[in-house]
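Please go through this predicted model with the report below.

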Amino acid sequence: MKTTLTLVEARTAALGLLLGLLLVACSDPEAQSRSLTPVDFHASDECHVCGMIITEFPGPKGQAIGADAVRKFCSTAEMLGWWLQPENQRLDVKLYVHDMSRSDWNRPDDAHLIDAREAFYVLGPALKGAMGAVLASFSEEESAQTLAAEQGGHVLRFEQIDLAMLQQAMGMHGAGHH
C-alpha cells in the first residue's frame with residue numbers, strides 16, 4: 001500500500017510540474033520580458049493618439065511604457081494630454097520624453113530619452129512641432145530657461161502641466177503644425 005501511495009504522489013507531483021511548465025510556456029513572453037525602459041522610435045511607428053507617423057515631425061516625442069503595452073506619441077504634448085486623462089493615470093506606466101539639450105530638434109536622439117516626471121518643459125516656444133502645443137522637454141532647468149529666452153514660452157515642471165493649459169496653448173497656436 002505504501003508503494004502505491006508513493007507512486008500516486010509521484011504522478012501527481014509530475015502532473016503538477018508539467019501543468020506549471022505549460023502555463024509558463026503559454027503565457028505572453030513579450031509581456032514577461034518587457035522592462036519599463038525606453039525604446040527606440042521607428043519609421044513605421046504611429047502616434048497612439050492621432051495615428052500620424054511619429055518620425056515625420058520635428059521636436060521631442062513621448063512614450064508610455066507599461067508591462068502590457070508600449071504607447072508612442074508624436075510629441076510630448078500628445079503624450080501628456082493622453083496621460084492627464086483620468087482613465088490613463090491609473091495605468092502602471094513609465095513616461096519618457098527626449099532631452100532636447102542633447103538632441104537635434106529635427107531628429108531627436110532616442111539615446112537621450114529621460115523620465116518625463118523629472119523633466120523641465122518649455123510650453124509654447126516658437127519652434128515647429130507635431131500636433132497641438134509645442135512642449136519642449138529638458139533634463140536640466142538651465143537648458144529649458146535658455147530655450148525659453150531664445151524662442152519664447154515659459155518653463156514648467158511635470159506636475160504644473162494640466163489639460164486646460166495644453167488646450168489653451170493649442171488654441172493660441174492654431175490646430176497644430178501637422
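## The largest pocket

The largest pocket holds about 240 Å³ of space. Its lining is made of 13 residues. Ala77, Glu78, Gly81, Leu166 and Met170 are the ones nearest the pocket centre. Two elements, α3 (76-83) and α6 (163-172), each give two or more residues to this lining.

By class, the pocket lining has eight nonpolar residues, four polar and one charged.

## The cavity

Rolling a probe the size of a water molecule over the atoms shows where empty space is left. Counting cavities of 30 Å³ or more gives one. The largest cavity holds about 70 Å³ of space. It is lined by 14 residues, with Ser75, Gly129, Ala130, Val134 and Leu135 closest to its centre.

Nine residues of the cavity lining are nonpolar and five are polar. None is charged.

## Helix α5

Helix α5 spans residues 141-151. Ala144, Leu147 and Ala148 are its buried residues. Viewed down the axis of α5, they fall within an arc of 100°, so they line one face of the helix. The face turned away from that buried side carries exposed residues: Glu142, Ala149 and Glu150.

What covers the buried residues of α5? The cover includes three strands: β5 (120-123), β6 (135-138) and β7 (154-157). After the helix comes Gly152. The phi of Gly152 is positive, near 85°.

## The aromatic cluster

A pair of aromatic rings is described by the distance of the centres and the angle of the planes. The structure holds two such pairs. In one, the ring centres of Phe73 and Trp82 are 5.3 Å apart and the planes stand at 45°, so the pair is tilted. In the other, the ring centres of Trp82 and Trp83 are 6.3 Å apart, again with planes at 45°, so this pair is tilted too. Together, Phe73, Trp82 and Trp83 form one aromatic cluster.

Are these residues buried or exposed? Buried means under 20% relative accessible area. Phe73 has 0% relative accessibility, so Phe73 is buried. Trp82 has a relative accessible area of 9%, so Trp82 is buried. Trp83 has 8% relative accessibility, so Trp83 is buried as well.

Technical notes: Residues are numbered from 1 along each chain as its sequence is written. This is a predicted model: local features need pLDDT of at least 70, side-chain atom pairs count only at pLDDT 80 or more; totals for chains, interfaces and linings use all residues. Side-chain values use heavy atoms; hydrogens and water are left out. Buried means under 20% relative accessible area, exposed over 50%, partly exposed in between (1.4 Å probe, protein chains only). Helices (H or I, at least four residues) and strands (E, at least two) are DSSP runs, numbered from the N terminus. The arc is that of the directions from the helix axis to the C-beta atoms. Contact means heavy atoms within 4.5 Å. On a 1 Å grid over the protein atoms alone, a cavity is a set of points where a 1.4 Å probe fits but cannot get out, and a pocket is an open set with protein on both sides within 12 Å along at least five of seven lines; lining residues have an atom within 4 Å of a point. Grid points are joined across faces, edges and corners, and a volume is the space filled by probe spheres set on the points. Ala, Val, Leu, Ile, Met, Phe, Trp, Tyr, Cys and Pro count as nonpolar, Asp, Glu, Lys and Arg as charged, and the others, Gly among them, as polar. Rings of Phe, Tyr and Trp (its six-membered ring) pair if their centres lie within 6.5 Å; planes under 30 degrees apart count as stacked, over 60 as edge-to-face and the rest as tilted.
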